[in-house]
Amino acid sequence: MGVYEVRSNLKEIKQIAEYNIKIKRIKNISFNDNDNKEFHTEEIYSSGLVPGDLILLPDEGVNLPCDCILLEGNAVLNESILTGESVPVIKYDIEEISKQQIDSSFNVETDSSLYKHTMFTGTKIVQKKLN
């Protein structure tokens, strides 16, 4: 590996690490008369996110600024930056997993069944659908 290639790779890694976009963080959730969810959000930069924050997925075509778990809906992601595969991956909401499983240890490395609910930093949103 040459100096130019190493330098180029380091620049790409730095860009991913410094990626900062405006994102909608959910402040609270209420229900209207028809029992539909209403999300009350605030727009912040992704650098202000902390573990446990709930966010609305960014628009299609945007790279995810953080690792996150899909709580509702489905999403199609391009994970080629991580895996090298050109085929988009479908992610599903986590509703089918029990609260006990989440509380015990949400670790994708030890429980591969959680992979289909987890979205990773730098992956591109191709399509999203809320329930």
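Which strand does strand β4 (residues 74-78) pair with, in what sense, and over how many bridges? Select β4 together with β7, and the answer is on screen: the two pair in the antiparallel sense over five bridges. Two strands count as paired if DSSP finds at least two bridges between them, and the strands (E, at least two residues) and helices (H or I, at least four) are DSSP runs numbered from the N terminus.

Before going further, note that this is a predicted model, in which local features need pLDDT of at least 70 and side-chain atom pairs count only at pLDDT 80 or more, while totals for chains, interfaces and linings use all residues. Residues are numbered from 1 along each chain as its sequence is written, and side-chain values use heavy atoms, with hydrogens and water left out.

**The nonpolar core**

Next, select Leu 57, Leu 64, Cys 68, Leu 70, Ala 75, Leu 77, Met 119 and Ile 125, the eight residues of the largest nonpolar core. Such a core is a set of buried Ala, Val, Leu, Ile, Met, Phe, Trp, Tyr and Cys residues joined through side-chain atoms within 4.5 Å; buried means under 20% relative accessible area, exposed over 50%, and partly exposed in between, with a 1.4 Å probe and protein chains only. From Met 119, look for the residues that it touches (heavy atoms within 4.5 Å), among them Leu 57, Leu 64, Cys 66 and Lys 91.

Moving on to Lys 91, you are in strand β5, at a residue that is buried, with a relative accessible area of 0%. The side chain of Lys 91 makes a polar contact with the side chain of Glu 79 at 3.1 Å; the term stands for a pair of N or O atoms within 3.5 Å, where within protein one must be able to donate a hydrogen and the other to accept it, and residues adjacent in sequence count only if both atoms are side-chain atoms.

His 117 is one of the residues that Lys 91 touches, and its place is in the loop between α3 (99-104) and β6 (118-119). His 117 also counts as buried, at 0% relative accessibility. Polar atoms of the His 117 side chain can be followed to two backbone oxygens, that of Tyr 92 at 2.9 Å and that of Asp 93 at 3.0 Å.

**The cysteines**

Select Cys 66 and Cys 68 next. A search of the whole structure finds zero disulfides, that is, pairs of cysteine sulfur atoms within 2.5 Å. For Cys 66, the nearest cysteine sulfur is that of Cys 68, 4.8 Å away. Cys 66 is buried at 18% relative accessibility, and Cys 68 is buried at 13%.

**The hairpin**

Finally, turn to β1 (residues 22-31) and β2 (residues 37-45), which pair in the antiparallel sense over nine bridges. Ile 23 stands opposite Ile 44 in β2, and among the five residues between the strands of this hairpin, Asp 35 takes a positive phi near 60°.

Notes: Lists of a residue's contacts leave out its neighbours within four places in sequence.
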